[in-house]
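Reader: I would like a close look at one part of this model, the sheet and the loops that join its strands. Please give the cut-offs along with the description.

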Amino acid sequence: RGRAVTVAMDGMQFHAPVAVGDEVSVYGRLVGTGRTSLSIEVEAWRRRRDEERAVKVTQAMLTFVAIDDEGRPRPVDV
């Protein structure tokens with residue numbers, strides 16, 4: 001319910017490459033909130049055109065801070 005900026009991306013790990021033409025699905029899960037911040041775990045999965053199974057290609061933990069119209073931190077409204 002408003003703007004947020006990325007302040008950190010911790011522990012990004014690349015497990016496999018992605019080729020042009022691959023289908024990529026990205027999933028996020030809210031894992032924590034603070035007064036002005038959100039922690040979101042993100043995973044990306046790749047599926048090649050000629051394969052049925054998907055392979056996890058990367059994951060990371062992202063931290064966002066909610067901001068107001070002047071760019072100052074504001075309380076998270078979840």
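Author: Two strands pair if DSSP finds at least two bridges between them; strands themselves are DSSP runs (E, at least two residues), numbered from the N terminus. The model is predicted, so local features need pLDDT of at least 70 and side-chain atom pairs count only at pLDDT 80 or more, while totals for chains, interfaces and linings use all residues. Residues are numbered from 1 along each chain as its sequence is written, and side-chain values use heavy atoms, with hydrogens and water left out.

Trp 45 has Lys 56 in strand 4 as its bridge partner. Strand 3 and strand 4 pair in the antiparallel sense over 10 bridges. The open sheet has four strands in the order 1-4-3-2, with antiparallel pairing. Strand 1 (4-14) and strand 2 are at the edges with a single partner strand each, so one side of each has no neighbour in the sheet. From one strand to the next the twist averages 20 degrees (axes are lines fitted to C-alpha atoms, and angles run from 0 to 180 degrees between N-to-C directions).

Now the loops. Asp 50 lies between strand 3 (37-47) and strand 4 (55-66). Asp 50 is exposed, at 69% relative accessible area; exposed means over 50%, buried under 20%, and partly exposed in between (1.4 Å probe, protein chains only). Thr 36 sits in the loop between strand 2 (23-33) and strand 3 and counts as buried at 16% relative accessibility. Beyond its neighbours within four places in sequence, Thr 36 is in contact with residues including Phe 64, Pro 73 and Val 76, contact meaning heavy atoms within 4.5 Å. The C-alpha atoms of Thr 36 and Val 76 are 4.9 Å apart, across 40 residues of chain.
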